[in-house]
Amino acid sequence: LVRLVRSKLVRAAFLIVVLALLGFALYDQAGTLWHQVQRLSWPVVLLAFVFGLLGLFFNLMVWRELLADLGSRISIPEAWRIYFIGGLSKYLPGSIWPMLAQAELGADRGIPRSRSALSVVLSYSVMTCLGLVVGAITLPFAHAGSVAQYFWILLMIPVGAVALSPPVLNRLLRLVLRVARQPPGQARVSYPGLARTMAWAMGAWVANGLMIYVLVRHLSGERQGTLLVSIAAYGLSWSIGFLAVFAPAGTGVREAVMVAVLHTQTTTAIALTVALVSRALSVVGDAVTAAAASALVGRRRLRQIRSDRRRADDRPAPPDD
């Protein structure tokens, strides 16, 4: 199965199918879709973009908090540079690239590569599990009568709660280290660190849900449960899109899930419009945050960090007693 997922032919075929289906949907809804896009005003798009940026910042804090809990606390500017520049690699097929990129960028600042890799694995694990839990909590209670319809999804809540417990996450850490043939060391997450991480993660899901809510409300008006459905749509679409490792940044999968969830509150055309606009805003947000990362910690500061690290490595070890 792993070889099949890694196959370039399979990935290419998947992308072709996804793009073909997306193209057919766009062609089928072209007139209505263009009409809905024209209805979006710049203030609405800008407000949605601000919420999207806020969600990205909360994502950064999730990773930074986990990295600190594992033993490497860094400043927000340095974390910003590592996270957002390394995060651009998520547009490559496969979920391993952000881990490798952030590990290399973190190594320039003295962070062990294995610790950086573990922090990325943990941050994506926490965000994915919590995204599914948030979707499971919000979607059934979005409007009257949907609790019975979506009652099955509530089963994700206890599963997610168990998966997000420190004993389970620490076992995941040991498994990753064993697969990577690395010594187990003292890599473990604590209850206080995980609590702070989950608080940042909840902020991320609410902020991104507000981005969807602003667009949906402007296009279809205020309805009961629109905010809850918006949060559920983003949480479920992001999490399921991430699990689809063969799709770069969940392309196609995220949009399909979001349209399916938003369709419970609005028309297919509006749901598709919101999915495509939110995807565009996410791409622009990634570009903006990565551009800002270069200014936050520039090359001069990076050279200084590397020089300090070389001096520390060249310092003679203290004599044994």
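**Salt bridges, ring pairs and a charged patch**

Let's start with a contact between charged side chains: Glu-65 and Arg-196 meet in a salt bridge, 2.8 Å from N to O. Glu-65 sits in helix 4 and Arg-196 in helix 11, so this pair ties together parts that are 131 residues apart in sequence. Keep in mind that this is a predicted model, where local features need pLDDT of at least 70, side-chain atom pairs count only at pLDDT 80 or more, and totals for chains, interfaces and linings use all residues. Residues are numbered from 1 along each chain as its sequence is written, and side-chain values use heavy atoms, with hydrogens and water left out.

**Salt bridges**

- A salt bridge here is a side-chain nitrogen of Lys or Arg within 4 Å of a carboxyl oxygen of Asp or Glu, and the structure holds two of them.
- (Buried means under 20% relative accessible area, exposed over 50%, and partly exposed in between, with a 1.4 Å probe and protein chains only.)
- Arg-279 also forms a salt bridge, this time with Glu-255, and their closest N and O atoms are 2.6 Å apart. Arg-279 lies in helix 14 (residues 268–296) and Glu-255 in helix 13 (residues 253–262), so the pair ties together parts that are 24 residues apart in sequence.
- The helices named here are DSSP runs (H or I, at least four residues), numbered from the N terminus.

**Aromatic pairs**

- Rings of Phe, Tyr and Trp (its six-membered ring) pair if their centres lie within 6.5 Å; planes under 30 degrees apart count as stacked, over 60 as edge-to-face and the rest as tilted.
- By this rule the count comes to 10 aromatic pairs. One of them is the edge-to-face pair of Phe-57 and Trp-200, with 6.3 Å centre to centre and 85° between the planes.
- That pair links distant parts of the chain: Phe-57 is in helix 4 (residues 42–70) and Trp-200 in helix 11 (residues 191–220), 143 residues apart. Phe-57 counts as partly exposed at 24% relative accessibility, and Trp-200 is partly exposed too, at 27%.
- Tyr-124 and Trp-238 make a stacked pair, 6.3 Å centre to centre with 15° between the planes. Tyr-124 lies in helix 7 (residues 113–138) and Trp-238 in helix 12 (residues 226–243), so the pair ties together parts that are 114 residues apart in sequence.
- Tyr-124 is buried, and Trp-238 is as well.
- Ring pairs also link up into a cluster, whose members are Phe-57, Phe-58, Trp-63, Trp-80, Tyr-83, Phe-84 and Trp-200.

**A positive patch**

- Arg-171, Arg-174, Arg-178 and Arg-188 form a positive surface patch. (Patches are made of residues with over 30% relative accessible area and no salt bridge, with like charges joined within 9 Å.)
- Arg-174 lies in helix 10 (residues 166–179) and is partly exposed, with a relative accessible area of 41%.

**Other spots to look at**

- Gln-224 lies in the loop between helix 11 and helix 12, and at 61% relative accessibility it counts as exposed.
- Met-99 lies in helix 6 (residues 97–107) and counts as buried at 18% relative accessibility. Met-99 and Val-120 are 21 residues apart in sequence and 5.6 Å apart in space, C-alpha to C-alpha.

Conventions. Helix = DSSP H or I, 4+ residues; strand = E, 2+ residues; numbered from the N terminus. Patch = residues over 30% accessible without salt bridge, like charges linked within 9 Å, V, L, I, M, F, W, Y side chains within 5 Å. Areas by Shrake-Rupley, 256 points an atom, 1.4 Å probe, with all protein chains shown as cover. Lys, Arg positive; Asp, Glu negative; His and termini not counted. Charge placed at Lys NZ, Arg CZ, Asp CG, Glu CD.
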